[in-house]
Amino acid sequence: MGKRGAESRDEFSFVSPVVKYVLFFFNMIFWVISLVLISIGVYARMTKHAEAAMAHLTVDPAILLIVVGSLMFLITFCGCIGSLRENICLLQTFSICLTVIFLLQLAAGILGFVFSDKARGKVTEVINRAIVHYRDDLDLQNLIDFGQKEFSCCGGISYKDWSLNMYFNCTDSRSPESCGVPFSCCLLSKDKSVINTMCGYEMQALKDDKAGEVIHTSGCIDKLVNWIHSNLFLLGGIALGLAVPQLVGIFLSQNLINQIKDQIQLQQYSVAHRSDPWR
């Protein structure tokens, strides 16, 4: 009877295979995603001039992808190996990293809401810097054109922000685009199949009402703010979609850590009673 009881204690395990392998495959999915992000970032970085992008934007998107992918790779690696090997140290590292990232995201959202004016000023600086380097980088140019078409806007605060760019500045008469704006600012007619890329020429020299007949005169910052206000539920859903996997990972890892600790105590108890059955 005593021998059978000892065998049953040896076979019993507090560690749930469901929790263990769900956490493993959960991390495996994001581990693969991290490799994809790193690959895209490295490819994008190699196909561009190394020194060009950082001068155009505050953060180079390629570098951002590499950093985020590398961070995700290390965290999910701890989660994968920790769950598979039932390693408390790796699981605690995984859980702590997820908790810190979640709290940082929460703090960033709160600070962005509280200091919305400063955030708006920072966005204005980024857009103005992008306008200055509009012709220097084709990817940046396509990004700005896409934004102005999508939001039906022109420039940061107004269409006259394009005077910051040397090609569209009114003081440089040598440029054919002098005192103009990019064609992505133009009002597009659905019945026209061919886009007039010269439609924005000399628009800065006109008054707002006259220019408004040809181009969008509203700045992109106000349009972006209005879009955010009208899509709060969508943004909330995206934020929730980012938070849920992190909370699930924290819950599963903490649950597995507690199960492993209970299993260790059971093994220590079994060893102690096997060596001294009267204990």
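In which helix is serine 34 found? Serine 34 belongs to helix α2, which covers residues 17-46, in a model that is predicted. The protein chain holds 10 helices and zero strands, and buried residues account for 31% of its 279 residues.

**Overall fold and surface**

- Read along the sequence, the protein chain shows the pattern α-α-α-α-α-α-α-α-α-α, in keeping with its count of 10 helices and zero strands.
- When contacts in the protein chain between residues at least 6 apart in sequence are considered, 71% of them join residues at least 24 apart.
- The protein chain has an accessible surface of about 17,700 Å², and carbon and sulfur atoms contribute 67% of that surface.

**Serine 34 and its surroundings**

- Serine 34, in helix α2, has a relative accessibility of 0% and therefore counts as buried, the cut-off being under 20%.
- The side chain of serine 34 reaches the backbone oxygen of tryptophan 31 at a distance of 2.5 Å.
- If neighbours within four places in sequence are left aside, serine 34 is in contact with Gly69, Met72, Phe73 and Thr76.

**Aromatic pairs**

- The structure holds eight aromatic pairs, and one of them joins tyrosine 134 and tryptophan 162, whose ring centres are 4.9 Å apart and whose planes meet at 80°, so the pair is edge-to-face.
- Tyrosine 134 lies in the loop between α6 (116-132) and α7 (138-151), whereas tryptophan 162 lies in the loop between α7 and α8 (208-211), so their pairing ties together parts that are 28 residues apart in sequence.
- Both tyrosine 134 and tryptophan 162 are buried.
- Phenylalanine 151 and tryptophan 227 also form an edge-to-face aromatic pair, with 6.2 Å from centre to centre and 85° between the planes.
- Because phenylalanine 151 lies in helix α7 and tryptophan 227 in helix α9, this second pair ties together parts that are 76 residues apart in sequence.
- Phenylalanine 151 is partly exposed, with a relative accessible area of 26%, and tryptophan 227 is likewise partly exposed, with a relative accessible area of 34%.

**Nonpolar surface patch**

- Helices α9 (220-230) and α10 (232-275) each supply at least two residues of the nonpolar patch, and α10 gives the most, with four residues.

**Cysteine 97**

- Cysteine 97 is found in helix α5, which covers residues 88-114, and is partly exposed, with a relative accessible area of 27%.
- Cysteine 97 and leucine 71 are separated by 26 residues in sequence, and their C-alpha atoms are 9.7 Å apart in space.

Terms used: Residues are numbered from 1 along each chain as its sequence is written. This is a predicted model: local features need pLDDT of at least 70, side-chain atom pairs count only at pLDDT 80 or more; totals for chains, interfaces and linings use all residues. Side-chain values use heavy atoms; hydrogens and water are left out. Buried means under 20% relative accessible area, exposed over 50%, partly exposed in between (1.4 Å probe, protein chains only). Contact means heavy atoms within 4.5 Å. Accessible areas come from the Shrake-Rupley method with a 1.4 Å probe; for residues, only the protein chains shown count as cover. A polar contact is a pair of N or O atoms within 3.5 Å; within protein, one must be able to donate a hydrogen and the other to accept it, and residues adjacent in sequence count only if both atoms are side-chain atoms. Rings of Phe, Tyr and Trp (its six-membered ring) pair if their centres lie within 6.5 Å; planes under 30 degrees apart count as stacked, over 60 as edge-to-face and the rest as tilted.
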